[in-house]
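Q: I have a model open and want to go through a few of its local features. Can we start with the overall picture and then look at single residues?

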Amino acid sequence: NTLICKHNLFAYEWVMYMNLIKLIFFLMTIGFFSTNASAEKCTSPFSKSFSLTADVGFGNKYNKSLGKNFKKHGVCIVQKSKEHPTRLGQQSLRFEVKSGDCGYDDSWDDCKKDRERHELYGRKHKDGEYWYHWSIFLPDDFVNIYPTKLAIGQFHQSKGHVVWMFQNVNGGYFVDNQVYGRTSRTDRILNQKEMLGRWNDILINANWTDAINGFFRVWVNGELASKYNGPTKSKGKKVYQKFGVYRSFMSRYKMDKKVDAVPGQVVYFDEVRTGKSCSKLKLEQLGYNCKDLLDSIN
């Protein structure tokens, strides 16, 4: 009987101990989620995905591009209360690439390809019409790294080449048409002065197709800045959006400036939105009207 009593006492104490552990974990979880809305959220090495808050964007889901060696500072959801710039609301996305930030996966290695990046990529889209919006902000101390190639946004293809790039080049923002696997046309939509220290709204309306009825239209701050008609992708490929900071041919800057490292860069994004129609983007929140935007095409 004594042995049975001791056994029951041990079992009771063990149950009480486990309940206490569960209670502590529950309270810690409540505390985390109650403060997380106002806390900085940076990427985790244990996750391939990176979720946007409703304050930052909607309409798509994103993963880290080249997730291996993707640094914690690579992308963070940051707060206006911490003196970070925001386009709307209290949060924005902060991307940062420092010298040596090269990622890799099983099929590609930036570290061996003279590249550095921190990018997110969205879901693959079938043929058809889509709308995309993002707001972009370059800090006043942003360093242009030309002749190194800097992409701050692109549309890529599954198992194929990039079709559209948004590049900084020698200053400003350029739309680079690479539908045929090489640059066939480049439109400058902003100069460097217009990009530094202020938000710029980029709106895209694309019909993804390899046929001649395709189109790719770009508005900047509500004004039509670039318009193209024709094939927008390769046959049989799906298109997906990528954005962040992607630097190619680091050796060009090093040789040109006679330095051993390329300066780091920070870029902010906000209001990253995707939809099948203009109305789905809720652009009225940003001060735009879909009818006026569509009327400007003609």
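What follows is a short exchange on this chain.

Q: What kind of model is this?
A: It is a predicted model.

Q: How many helices and strands does the protein chain have?
A: The protein chain has four helices and 16 strands.

Q: And what share of the residues is buried?
A: Of the 298 residues in the protein chain, 48% are buried.

Q: How much accessible surface is there?
A: About 15600 Å² for the protein chain, and carbon and sulfur atoms hold 55% of that.

Q: Switching to charge. Which residues gather in the patch of positive charge on the surface?
A: K124, K126, K159 and K238.

Q: Where is K159?
A: K159 sits in the loop between strand 8 (149–157) and strand 9 (164–167).

Q: Is K159 buried or exposed, and why?
A: K159 counts as exposed because its relative accessible area is 83%, and the cut-off for exposed is over 50%.

Q: Now R198. Where does that one lie?
A: R198 is in the loop between helix 2 (192–195) and strand 12 (199–208). With 39% relative accessibility, R198 is partly exposed.

Q: Which residues is R198 in contact with, leaving aside neighbours within four places in sequence?
A: I136, F137, L138 and N221. As for S135, its C-alpha atom is 9.9 Å from that of R198, and the two residues are 63 residues apart along the chain.

Q: Backbone next. Which residues does the cis peptide bond join?
A: Y146 and P147 are joined by a cis peptide bond, with omega at about 15°. P147 is in the loop between strand 7 (128–137) and strand 8.

Q: What is phi at L66?
A: Phi of L66 is positive, about 55°, although L66 is not a glycine. L66 is in the loop between strand 3 (63–64) and strand 4 (75–79).

Q: Why does L66 count as buried?
A: Because its relative accessibility is 9%, and buried means under 20%.

Q: And K258, what is its phi?
A: K258 is a residue other than glycine, and its phi is positive, near 55°. K258 lies in the loop between helix 3 (250–257) and strand 16 (265–275).

Q: Is K258 buried or exposed?
A: K258 is exposed, as its relative accessible area is 75%.

Conventions. Residues are numbered from 1 along each chain as its sequence is written. This is a predicted model: local features need pLDDT of at least 70, side-chain atom pairs count only at pLDDT 80 or more; totals for chains, interfaces and linings use all residues. Side-chain values use heavy atoms; hydrogens and water are left out. Patches are made of residues with over 30% relative accessible area and no salt bridge: like charges are joined within 9 Å, nonpolar side chains (Val, Leu, Ile, Met, Phe, Trp, Tyr) within 5 Å. Accessible areas come from the Shrake-Rupley method with a 1.4 Å probe; for residues, only the protein chains shown count as cover. A salt bridge is a side-chain nitrogen of Lys or Arg within 4 Å of a carboxyl oxygen of Asp or Glu. Lys and Arg count as positive and Asp and Glu as negative; His and the chain ends are not counted. The place of a charge is taken as NZ of Lys, CZ of Arg, CG of Asp or CD of Glu. Helices (H or I, at least four residues) and strands (E, at least two) are DSSP runs, numbered from the N terminus. Buried means under 20% relative accessible area, exposed over 50%, partly exposed in between (1.4 Å probe, protein chains only). Contact means heavy atoms within 4.5 Å.
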